[in-house]
Amino acid sequence: MSQHEDTSSSCCALCARQGVALTRHHLIPRALHGRKRFRKRFSREEMKGDILMICRPCHNHIHRVLSEREMAEHYHTRDALLAQPDIAEFARWLSSRPAGFKPKSPIRRQQR
């Protein structure tokens with residue numbers, strides 16, 4: 001288990017499943033904390049402290065659907081993430097699955 005996982009009994013902030021390992025999702029991606037554009041827009045406390053505790057499938061799905069820049073500019077709150085149709089649909093679908101359920105990852109095409 002990595003330092004970013006927590007096995008507490010709290011529920012995922014997106015799909016609301018209980019009893020799943022939770023990971024820290026930085027609402028403003030750490031890779032962008034040093035960029036002038038984001039340092040002007042967000043305080044240091046916001047950049048470091050705005051974190052959602054979400055399950056690994058939800059976390060993976062967010063990063064599959066959105067770029068880091070999109071996350072920082074448009075989806076830096078829980079409500080904004082849930083307003084994004086692909087994420088909302090995935091969270092709704094996942095919420096009915098048991099705690100140990102792991103969705104299959106999409107097959108990645110090999111680049112030639």
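User: How are helices and strands defined here, and how many of each are there in the protein?

Analyst: Helices (H or I, at least four residues) and strands (E, at least two) are DSSP runs, numbered from the N terminus. By that reading, the protein has six helices and three strands. Along the sequence they follow the pattern β-β-α-α-β-α-α-α-α. Please keep in mind that this is a predicted model: local features need pLDDT of at least 70, side-chain atom pairs count only at pLDDT 80 or more, and totals for chains, interfaces and linings use all residues. Residues are numbered from 1 along each chain as its sequence is written, and side-chain values use heavy atoms, with hydrogens and water left out.

User: What share of the residues is buried?

Analyst: Buried means under 20% relative accessible area, exposed over 50%, and partly exposed in between (1.4 Å probe, protein chains only). In this protein, 33% of the 112 residues are buried.

User: Which residues have the most contacts inside the largest nonpolar core?

Analyst: The general idea first: in soluble globular proteins, nonpolar side chains tend to be buried together. A nonpolar core is a set of buried Ala, Val, Leu, Ile, Met, Phe, Trp, Tyr and Cys residues joined through side-chain atoms within 4.5 Å. Here the largest one has 19 residues, and Cys12, Leu14, Ile54, Cys58, Ile62 and Leu81 have the most contacts inside it. Two or more residues come from each of β3 (51-55), α3 and α6 (85-95), and α6 gives the largest share, four residues.

User: What does leucine 14 contact beyond its neighbours within four places in sequence?

Analyst: Contact means heavy atoms within 4.5 Å. With those neighbours left aside, leucine 14 touches Leu52, Ile54, Cys58, Ile62, Arg78, Leu81, Leu82, Ile87 and Ala91. For the protein as a whole, among contacts between residues at least 6 apart in sequence, 65% join residues at least 24 apart.

User: Which residues of α3 are buried, and what covers them?

Analyst: An α-helix has 3.6 residues a turn, so residues three or four places apart point the same way. In α3, the buried residues are Pro57, Cys58, His59, His61 and Ile62. Their cover includes β2 (22-26), β3, α4 (68-74), α5 (78-83) and α6.

User: What lines the largest pocket?

Analyst: On a 1 Å grid over the protein atoms alone, a pocket is an open set of points where a 1.4 Å probe fits, with protein on both sides within 12 Å along at least five of seven lines; lining residues have an atom within 4 Å of a point. Here 18 residues line the largest pocket, and Arg56, Pro57, Phe101, Lys102 and Pro103 lie nearest its centre. Helix α3 (residues 56-65) gives the most to this lining, with five residues.
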